[in-house]
Amino acid sequence: MTLDRDTQQQAIVEQFFQYIRAEDFEQCFHWAKKNLQQRQSTAFALVSQFEQQAEIFAKQVEDLPAVETLLVFCACYSYARHEVEESNWYLHAETLVRSSITAISTLPNCGITKVLQQFAAIQIDICYIDRGIYTSQDWLISDAASNIEAHLAAAREVTEQFSESEQQFYTEHLNAEFSAYQCFNDGVSIVAYLYAIRWGDPAVLTEQMVKLRPKFVEAVSALTAADKYIMSTDLEALWPPLTFFSENRQASSGELYVERGSISISYFANVNHLITRELRQTLSHIVASPPAVHPLYFADWGAESPQSNMLNDIWAGIAKDFEDIYSWQLPNLRMPFRNRNANNKQLNFDVELIYYPMGIFALNLKAPLDDTSASGVRHAMSLGTPFAMDQDMRWHEQQVGLLEDFAQQRFSELATLLNTQYPHYQEDVEDLLIFNPSENRFVSTLLDRVVERINGQDNSVTAKSLKSHFAYPAFVLPQRELRSAVDDWCLRTVTSEQHNLNQDCYNHDEFVFTNHHECVLGLLQQPNWVLEQSAEMMEVAAAVNNLFHLTNKLLDKQLRVNLEQAVPSLKDKDISAAKLRAHVKKLTDEGDCLKQFTNDAHWLLDLINAGSMMTFPDHTRMIQKVFHYMDFEKLHTRTQETLDKIHYRQKEIISETAKLYDKLRTRNSKRFTRILSGSMALISIGALKDIFDILNGSKMGFVISGPLQVSIVTFFGMLLIILLINKNEGDK
């Protein structure tokens, strides 16, 4: 039965739109899912695994009852809307919306189901609008607005052929939603047009803004009146950057493009100090004498064999002790990047895994930023953040949505491999490799040559003119999760020049800004070797900083375990000297590893504090300032405090265990003396004589006397004594 004639199906749609009007998408999903569960529907399994599998195929739902199919539609759509509001998994959300359309398209055909398909399809284009906002791709907004207008027109065409009952149902439940979409799209179309001309003549932009502003305000007001809070506020936030462009951009200025530059996105993982020495030895061996195969070749990743790396000659202080650096070249990672007019532009990341001494892995992804607008540079910078929008990336025949997830997967596999390679414990150790890609990350952006594009003509930009350009903030402002409009960087206060680290190494018109998670190097007046030096300086500094950040997490956990660890008492039934010896040995081994790390940490900290890390004084001053802006002082202070606490607690445990061990040996010795005395009494001549008298008088058919009797007594007596001595030795 078609939806327009089935009251049960209509009730489902009515309830669905009640949730949609209330913008309570999460509750809508749970309602649909619960209904499927109560009906014991096979579709319940489908909607329960949306996070892992968003795509639904027609054959999976075509045999469902119509009501259950509608519930699948509701679950898919509402989960997608919730995901859009709460995360940046837009590709995933778009797939879910397409699954909702797939589900409803299997229902018997009628006007209402056709309109519902158009209703859902509009959400896909709203995802494109959001993607255009977050990544400052105004043409995505324009294209999406055109698509939405087409969907609205198609829906209107269907409604013109509605029966009276269909028209009534549409008026009650769907008309308000389509009217809101029309208002929203009218406003978005205005903004998309104005964004498209924002880099043209400011006078023209101002004129068009004055002309179109009333219609834009009308759209926002209509959404507000209709209680469409999300759409009205989203739309209203798109206007302020246009005002700023109109009022502040000089008529003679053009859009900035990076003619030559690069971006490096790094994620870090810390190896537990229990195995750093062994891992270093293993890597040294397989590089010096390469075996045919080895787990650390990472063959499943398509990696090349590891090779030994050398630092630049600017690292005199650490070059010798940091000479054991190893790296693996992994397959490239590719992603479509700002493909306007299907120009097939890509970001092509070189992927490299680096192991530094003291136990830090760095997963580096580097890509050129050639012919990339200032907005595009910020888009690329955002890829290395926890609030990045998912992309359609490919690596080693695998699909990748987020670089953070890519790093998480690689490090998880690396942790499994290390647990297999170094089985120090009977069970896998969760913290043999510590990593958190959301926190332990670093994005380095290098600008080499920048041009200003005016009417299709590129003009070189000097370092001095770049810093005075309208779009300069786009390069130097830190990334942030809040991105409410295209090029909203223009509304933020530019980073103060007092934080520019150029004074020690670079020219006064150049710029270097850094913090814990990112840096930008605007070195437009330097040769290539300086660019490479500078990039390596930031790369190593980030690795060292994250080494201590991750180590603090590991040490915090170790301290917590040590503090909670209780020394057993003599009353414990399972206590033995052997177990105590093993426990002390384990603590001693861990202490030795920790002591080695402590020595290495002190060595590194002394180099940094004394200014001996770098070869030249200007680099030394530079790296000290870099560490300051990375908040390194707080990290290493906390590291030292935690190390001291762990050392103290371990000594305390070992001391208490040693005392217990002595007490246990004393107790065992006394017990042994008592048992031995009793045993000797038992085998005394008198006692043994009584035993043999009993045996000889037992009429068992044999008589034991003379030398044989003495030999037997002696044998069993000595055997008993030997057993007692062995047991006592085992308890020591």
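**A walk through the predicted fold**

Of the 732 residues in the protein, 52% are buried, where buried means under 20% relative accessible area with a 1.4 Å probe and protein chains only. This is a predicted model, with local features needing pLDDT of at least 70, side-chain atom pairs counting only at pLDDT 80 or more, and totals for chains, interfaces and linings using all residues. Residues are numbered from 1 along each chain as its sequence is written, and side-chain values use heavy atoms, with hydrogens and water left out.

The protein has 24 helices and 13 strands; these are DSSP runs numbered from the N terminus, helices being H or I with at least four residues and strands E with at least two. Take contact to mean heavy atoms within 4.5 Å. Among contacts between residues at least 6 apart in sequence, 73% join residues at least 24 apart.

Let's start with helix H8. H8 covers residues 138-159, 22 residues in total, and spans 32 Å from first C-alpha to last, close to the expected 32 Å (1.5 Å times one less than the number of residues). Its buried residues include Trp-139, Ile-148, His-151 and Leu-152. Among the elements covering the buried residues of H8 are helices H7 (111-134), H9 (164-173) and H10 (175-196).

Two of those covering helices also meet each other. Two packed helices are described by the angle between their axes and the distance between the axes. For H7 and H10, the axes come within 12 Å and cross at roughly 30 degrees; axes here are lines fitted to C-alpha atoms over the stretch in contact, and angles run from 0 to 180 degrees between N-to-C directions. That makes H7 roughly parallel to H10, since angles under 35 degrees count as roughly parallel. On the H7 side, the contact is made by Val-115, Phe-119, Ile-122, Gln-123, Ile-126 and Ile-129, while H10 brings Glu-177, Phe-178, Tyr-181, Phe-184 and Val-188.

Now hop over to the strands. Ile-354 is in strand S4, and it counts as buried because its relative accessibility is 3%. Ile-354 and Tyr-326 are 28 residues apart along the chain, yet their C-alpha atoms are separated by 5.7 Å. Tyr-326 is also one of the contacts of Ile-354 once neighbours within four places in sequence are set aside, and others include Ile-325, Phe-361 and Glu-539.

Pro-357 sits in the loop between strand S4 (346-356) and strand S5 (360-368). Pro-357 has 1% relative accessibility, so Pro-357 counts as buried.

Notes:
Buried < 20%, exposed > 50% of the residue type's maximum accessible area, 1.4 Å probe, protein only. Parallel < 35°, antiparallel > 145°, perpendicular 65-115°, else oblique.
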